[in-house]
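Subject: Structure handover and findings

Hello,

Here is the structure for your files. My notes follow below it.

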Amino acid sequence: MNKKLVIANWKMNPQTLLEARKLFSTTKNTASRLKKTKVVVAPPFIFISSLAGTKSRLYLGAQNVFWETRGAFTGEISPSMLSEMGVQYVIVGHSERRAIGETDEIVSKKLKTLIREEIIPILCVGESERDNHGHYLSFLSTQIKKSLAGIQKRNIKNIIIAYEPIWAIGKTASDAMDSHKLHETVLYIRKVLSEMYGRDIAKAVSIIYGGSAEPGNVAELMKNGNVMGFLVGHASLDVKGFSEILKIVDKS
Ligand code: PGA
């Protein structure tokens, strides 16, 4: 059985290497005591090399990557540079990146490059709002199909899908998604994957949830939401709160 998975998306935080080191080492302590949960921290690029190195049960992730492998691309970071630093996971298509121009086509290129480099992509998908006519479902289906365009059947099991409804991001536990709605949405995502790749593959893909996952809601979302884990933003910067989340998920 797949392990549960919690990914800390630090976004553009913290502001100093000292703080990053403190946060990383406390998270590492908690992660080393977990039995059934894999923990990944995705810090800003600039901290990665300072946090890498020691063998630990805490895995390194990145928040972005470029789709070309080398060359004249000012300001970009290649997958092999990340690999060399020990990065094993990369978040792709986060809504905050999509908001500044990352299209489904770009997402699909990044996924292909990561697969070639044997880095696990965490593909973020999610609607900006819900309506009563189910338009958000067709939005989701199109986003998934276009983001995964050209990804072959044999590679799809290595991609993690993070369902992150944009309306639930950066709020509090009470604004996050209701676990039953999450369950329905996860089933819908599997239906879309099944249309693309067949039922067995669709069942095997790991789906996690992101959007105000906090100590107060992760147990319920885990129990009734049908997800394997979480992509945690703001709560991953709070040392105590994040340790609590990890322990709850591990026990769930
Ligand atoms: P949040 O962020 O936990 O602060 O809502 C999640 C994310 O954007 O990945």
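Start with Pro14, which sits in the loop between β1 and α1. Helices (H or I, at least four residues) and strands (E, at least two) are DSSP runs, numbered from the N terminus. A cis peptide bond joins Asn13 to Pro14, with omega at about -15°.

Some ground rules. This is a predicted model, so local features need pLDDT of at least 70, side-chain atom pairs count only at pLDDT 80 or more, and totals for chains, interfaces and linings use all residues. Residues are numbered from 1 along each chain as its sequence is written, and side-chain values use heavy atoms, with hydrogens and water left out.

Strand β1

Val6 lies in β1 (residues 4-9). Val6 is buried, at 0% relative accessible area. Buried means under 20%, exposed over 50%, and partly exposed in between (1.4 Å probe, protein chains only). Leaving aside neighbours within four places in sequence, Val6 has contacts that include Thr37, Val39, Phe230 and Leu246. Contact means heavy atoms within 4.5 Å. Val6 and Gly229 are 223 residues apart along the chain, yet their C-alpha atoms are separated by 5.4 Å.

Helix α1

Helix α1 covers residues 17-32, and its 16 residues should span 22 Å at 1.5 Å a residue; the end C-alpha atoms are 22 Å apart, which agrees. The expected span is 1.5 Å times one less than the number of residues. Buried in α1 are Ala20, Leu23, Phe24, Thr27, Thr30 and Ala31. Seen down the axis, they fall within an arc of 125°, so they line one face of the helix. The arc is that of the directions from the helix axis to the C-beta atoms. The face turned away carries the exposed residues Leu18 and Lys22. What does the buried side of α1 pack against? Its partners are β2 (37-42), α2 (45-51), β3 (58-62) and α11 (239-251).

Helix α5

Helix α5 (residues 104-116) has 13 residues and should span 18 Å at 1.5 Å a residue; its end C-alpha atoms are 19 Å apart, which agrees. Its buried residues include Ile106, Val107, Leu111, Leu114 and Ile115. Asp104 and Lys110 are also among the buried residues of α5. The buried residues of α5 pack against α3 (79-84), β4, α4 (95-98), β5 (120-125), α6 (135-147) and α7 (153-156).

Positive phi

Glu118 is in the loop between α5 and β5. Its phi is near 60°, a positive value in a residue other than glycine. Glu118 is exposed, with 73% relative accessible area. Ser212 also is not a glycine and has a positive phi, of about 55°. Ser212 lies in the loop between β7 (207-210) and α10. Ser212 is buried, with a relative accessible area of 5%.

Aromatics

The structure holds three aromatic pairs. Rings of Phe, Tyr and Trp (its six-membered ring) pair if their centres lie within 6.5 Å; planes under 30 degrees apart count as stacked, over 60 as edge-to-face, and the rest as tilted. Tyr59 and Tyr89 have ring centres 6.4 Å apart and planes at 75°, so this pair is edge-to-face. Tyr59 lies in strand β3 and Tyr89 in strand β4 (residues 87-92), so the pair ties together parts 30 residues apart in sequence. Tyr59 is partly exposed at 25% relative accessible area, whereas Tyr89 is buried at 3%. Lys38 lies over the face of Tyr59, 4.7 Å from the ring centre. A charge sits over a ring if NZ of Lys or CZ of Arg is within 6 Å of the ring centre and within 35 degrees of the ring normal. Phe66, Trp67 and Phe73 form one aromatic cluster.

Nonpolar cores

A nonpolar core is a set of buried Ala, Val, Leu, Ile, Met, Phe, Trp, Tyr and Cys residues joined through side-chain atoms within 4.5 Å. The largest has 63 residues; Val90, Leu148, Tyr209 and Phe230 have the most contacts inside it. Helix α8 (residues 179-197) gives the largest share of this core, seven residues. Apart from it lies another core, of 13 residues, among them Ile91, Ile160, Ala162 and Leu231.

Best regards
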